[in-house]
Amino acid sequence: MNEPSKRQRKPCTAYSHIMRMMLFTRHLCSSSCASKISKIPSRYKKVAVSQAQQALTDYLHATRCLPYAFADQIAKNSFLSLSNLIAKLGSFSPSTFSKTFDKFLRYNPINEFEFFFESIGIHHTHLPALLPHNKFFFSEDGSLLDAACALSEFGFPWDRLGLLYMESSSVFSMSASDLKGRLCWFKRYGFSNVQVVGICFAFPFVFGGEEGQLGSEIDGLLTSLKLVFLDFDLAGSVEGNVEAWHEVCRKIKVFYDLNGDKGFGENAVTMKILSHLHGSSSELQQRFDCLLHSGIEFSKLSKLVRIRPKILSQSHEIIEKKINFLCKEMGSSIELLDTFPAFLCFDLENRIKPRYRFHMWAIEKGLCTKNYSIASMIATSDKNFVARTFKIHPAAPKHWFEQFYLRKLLV
């Protein structure tokens, strides 16, 4: 198996960074807005912002001819840009603020792209590089707003469209009819709207041409996802909303990036448990990176994760501790995981350490001459392990339970 090429996909870590930046935007905007409208007495700020949002909605709808629903989305989700406008009004009067703001909009055209990009969740620090030169109005652009409206009508949350834009801005250069046709084409695989949205957020390359370079890869991905979502009923264990399906698709993307174009749909049972893995997609990626940095080759690690995906259900700190114990105290090497990947699935404190240290004690005392493999030490059931200790010495089980067996029995 080859490592996925840089051309095909962006690392999940970069995607997670975009996600964190977009979420952080809301925090920054709230604090920045407070400073921008500091001239407004605190008891009037909420009302003033609400009036300004409504005025902007009416302006975009009535004057700029935007559909009301989308004008409202832009006005409600562009707090920083709106605060900048409010700050330009100068002194504040609660009795005249609404009319003053209306008049300001009539005689001072706004940069509609600035409000739009903020409203879809893009961090304000990215705006200067995204704003088109010498353009202020949506009417000067052939597709941006129409594409966003088409996506929103299908079910994409307006304030998260920035995720898609930052990953694949070319999507917003498509005509509304082409976008609608592409989304309907996805649904022919049997997906619901929220499932399609989750897929598109996690795998934006699906918007590539049907007959283009990625055509076969797109079909392969969607066929595999159909197998996982529908044939193996992953949908039955996932909440029916965009947020839940987006997160499931992001988890799948971690595995997809490991497996390249194949391997992905061949282990549907493994894919089915993705929704039960503990941790977000970014945490899964962090844990995979931890294993990679421990010295495991990429191809071997990809195979290991496919065989034992639950390895990624534990924190990277626990993974590091297990690998350190394996290599330093047990004196083994990381290559052990090639033949015994389940080692990383066993509890370190309650299984691995006590069993290994018991065997070392038995050898030191001359009670055991057989050199058991690590797999035999760790993977043997509790019942068989105790039976083995009795064969070593009749008193060994008592010593095991009193000195090494740390698990608390249920009362």
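A: Happy to! Let's begin at a helix end: Asn111 caps the N-terminal end of α6, with a side-chain oxygen 3.0 Å from the backbone nitrogen of Phe113. A polar contact here is a pair of N or O atoms within 3.5 Å; within protein, one must be able to donate a hydrogen and the other to accept it, and residues adjacent in sequence count only if both atoms are side-chain atoms.

Q: Before we go on, what sort of model is this?

A: This is a predicted model, where local features need pLDDT of at least 70 and side-chain atom pairs count only at pLDDT 80 or more, while totals for chains, interfaces and linings use all residues. Residues are numbered from 1 along each chain as its sequence is written, and side-chain values use heavy atoms, with hydrogens and water left out.

Q: How many helices and strands does the protein have?

A: There are 22 helices and 0 strands. Helices (H or I, at least four residues) and strands (E, at least two) are DSSP runs, numbered from the N terminus.

Q: Back to α6, then. How many of its residues are buried?

A: In helix α6 (residues 112-119), 7 of the 8 residues are buried, so the helix is largely enclosed by the rest of the structure. Buried means under 20% relative accessible area, exposed over 50%, and partly exposed in between (1.4 Å probe, protein chains only). Among the buried ones are Phe113, Phe115, Phe116 and Phe117, along with Glu112 and Glu118. Just after α6, Gly121 takes a positive phi of about 100°.

Q: And which residues does Gln73 contact, leaving aside its neighbours within four places in sequence?

A: Those are Ser119 and Trp158, where contact means heavy atoms within 4.5 Å. Gln73 sits in helix α3 (residues 68-76) and is partly exposed, with a relative accessible area of 29%. Gln73 and Ile120 are 47 residues apart in sequence, yet their C-alpha atoms are 8.7 Å apart in space.

Q: Let's switch to cores. Which residues touch the most other members of the largest nonpolar core?

A: Phe156, Phe203 and Phe207 do, in a core of 78 residues. Helix α8 (residues 144-154) supplies the largest share of this core, 8 residues. A nonpolar core is a set of buried Ala, Val, Leu, Ile, Met, Phe, Trp, Tyr and Cys residues joined through side-chain atoms within 4.5 Å. A second, separate core has 44 residues, including Ile296, Met330, Phe343 and Ala396.

Q: What does Phe203 touch?

A: Not counting residues up to four places away in sequence, Phe203 touches Leu221, Leu225, Cys249, Ile252, Lys253 and Tyr256.

Q: New topic: at what angle do the axes of α21 and α22 cross?

A: Roughly 125°, with the axes of helix α21 (residues 382-392) and helix α22 (residues 396-404) coming within 7 Å. That makes α21 oblique to α22. Axes are lines fitted to C-alpha atoms, for helices over the stretch in contact, and angles run from 0 to 180 degrees between N-to-C directions. Angles under 35 degrees count as roughly parallel, over 145 as roughly antiparallel, 65 to 115 as roughly perpendicular and the rest as oblique.

Q: Which residues meet there?

A: Phe385, Val386, Thr389 and Phe390 in α21 meet Ala396, Pro397, Trp400 and Phe401 in α22. By class, this contact has 7 nonpolar, 1 polar and no charged residues. Ala, Val, Leu, Ile, Met, Phe, Trp, Tyr, Cys and Pro count as nonpolar, Asp, Glu, Lys and Arg as charged, and the others, Gly among them, as polar.

Q: Is Thr389 buried or exposed?

A: Thr389 is buried, with a relative accessible area of 1%. Thr389 touches Phe358, Ala396 and Pro397, not counting residues up to four places away in sequence.

Q: How do α17 and α19 compare, by axis distance and angle?

A: The axes of helix α17 (residues 316-329) and helix α19 (residues 348-364) come within 12 Å and cross at roughly 5°. That makes α17 roughly parallel to α19. The residues of this contact divide into 4 nonpolar, no polar and 5 charged.

Q: Last one: where is Asn134?

A: Asn134 is in the loop between α7 (127-130) and α8. Asn134 is exposed, with a relative accessible area of 77%, and has a positive phi of about 60° although it is not a glycine.
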